[in-house]
Amino acid sequence: MIEEQLLKLESRLQTLIEGSSARLFPTYHLQYELIHRIVAAIQDSTQGELSETTIPPNQFTIRVHPSQAIHLSTNPHLMNTLSEYLVDAGITTGFFFLSTPTIKILEDQNLQNNDIFVSAQHSLNDLVETNEFQVGEDLEPIYIPQNAYLIIDGTEIFQLEKKIINIGRREDNNLVIDDRRVSRRHAQLRVINGRYVIFDLASTGGTWVNGRRIQKSALRPGDVISLAGLPLVYSQDTDHEEETQKYTLSKNNLTSNTDQSKPNKKSDH
C-alpha cells in the first residue's frame with residue numbers, strides 16, 4: 001500500500017512537470033532522476049511508515065555535481081515551482097505537507113556528473129512561522145475562498161483573507177486564542193486548490209473536525225472544528241463584507257491586534 005501511494009505520488013509529480021508550460025529541466029533524465037530521488041527521500045525519512053496520517057517531510061536538500069547545479073539554477077523559479085507541484089501531487093495522492101516544502105541545491109564535487117543525492121527532513125520551525133508563499137509571475141495564482149470566516153465559540157466572527165492563517169495562544173499567530181486548552185502553536189489553515197485545509201500542529205489537545213480527530217482536513221461550509229474543546233465553525237457566504245485583520249480571543253471576548261473594530265457577533269448556533 002505504501003509503495004503504491006509513493007508510485008502514484010511520483011507519477012503525479014512527473015505529470016505536473018511534463019504538463020508545465022515552461023521547460024523546467026534541461027533533460028528528461030535529470031527530471032526523472034530528481035523526482036524519483038525526492039520520492040525515495042520521503043520514504044526514507046518516514047522509515048517506510050507513510051500513510052494518510054503521516055506528515056511527509058517539508059525540507060529537501062539536493063546534492064549534485066557542480067555542472068548539474070548550473071542547470072538547476074538556470075530557472076530562478078524552478079525550486080518554487082517544484083515545491084508547489086510537490087504539494088499538489090501530495091494532495092492528489094493523500095499526502096499533506098504542513099508547510100510548503102523548501103528545496104535547496106548544493107554542489108558536491110565528490111559526486112559524478114549524473115549523480116543526484118536527495119535528503120529530506122521535517123522542519124518544525126516553519127510550521128507556524130511560515131511566510132506566505134511568494135508566487136512567481138509565471139506560476140498559477142492561489143485563489144483564496146471568498147467570504148470565508150470562522151465562527152468562534154458560537155458568537156465571534158474571524159474573516160479568512162490570507163493564504164496561510166496560524167492559530168494558537170502565541171501572540172504572533174494570526175488568530176490568537178487565550179485559552180489554556182489551546183496550544184501555543186495549535187493549528188494552521190492553508191489554501192490548497194482553492195479550499196481551506198486545516199492542519200493540526202502536533203497540538204496537545206488535538207484538532208477535531210465534525211467529531212473526528214484529524215491531522216489535516218479540507219474544510220466545507222458548516223464544518224465544526226474543535227481545538228481541544230474550543231468550538232469553531234467554518235462558514236462561507238456572499239454577503240459577509242466586514243474587514244477583519246488579526247484578533248485575540250481572550251476568554252469570551254475578541255480584541256483586535258491591529259486596532260480595528262471588533263467583528264460582528266452572531267447568535268449561538
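This is a predicted model: local features need pLDDT of at least 70, side-chain atom pairs count only at pLDDT 80 or more; totals for chains, interfaces and linings use all residues.

Student: Are the residues of strand β8 buried or exposed?

Tutor: Strand β8 covers residues 187-192. On one side lie A187, L189 and V191, and on the other Q188, R190 and I192. Both faces are covered, and six of the six residues in β8 are buried.

Student: Which residue in β8 is the bridge partner of I164?

Tutor: Strand β6 comprises residues 164-168 and is joined to β8 by four bridges. The two strands run antiparallel. In β8, the partner of I164 is R190.

Student: Which residue in β9 is the bridge partner of V191?

Tutor: Six bridges join β8 to β9 (residues 195-200), again in an antiparallel arrangement. The two strands form a hairpin with two residues between them, and N193 in the turn has a positive phi of about 55°. In β9, V191 is paired with Y196.

Student: Why does A228 count as buried?

Tutor: A228 is located in the loop between β13 (224-227) and β14 (230-236). Its phi is positive, about 55°, although A228 is not a glycine. The cut-off for buried is under 20% relative accessible area. A228 therefore counts as buried, its relative accessibility being 19%.

Student: What is the relative accessibility of N210?

Tutor: N210 lies in the loop between β10 (207-209) and β11 (212-214). Its phi is near 55°, a positive value in a residue other than glycine. Most residues other than glycine have a negative phi. N210 counts as partly exposed because its relative accessibility is 48%.

Technical notes:
Residues are numbered from 1 along each chain as its sequence is written. Side-chain values use heavy atoms; hydrogens and water are left out. Buried means under 20% relative accessible area, exposed over 50%, partly exposed in between (1.4 Å probe, protein chains only). Two strands pair if DSSP finds at least two bridges between them.
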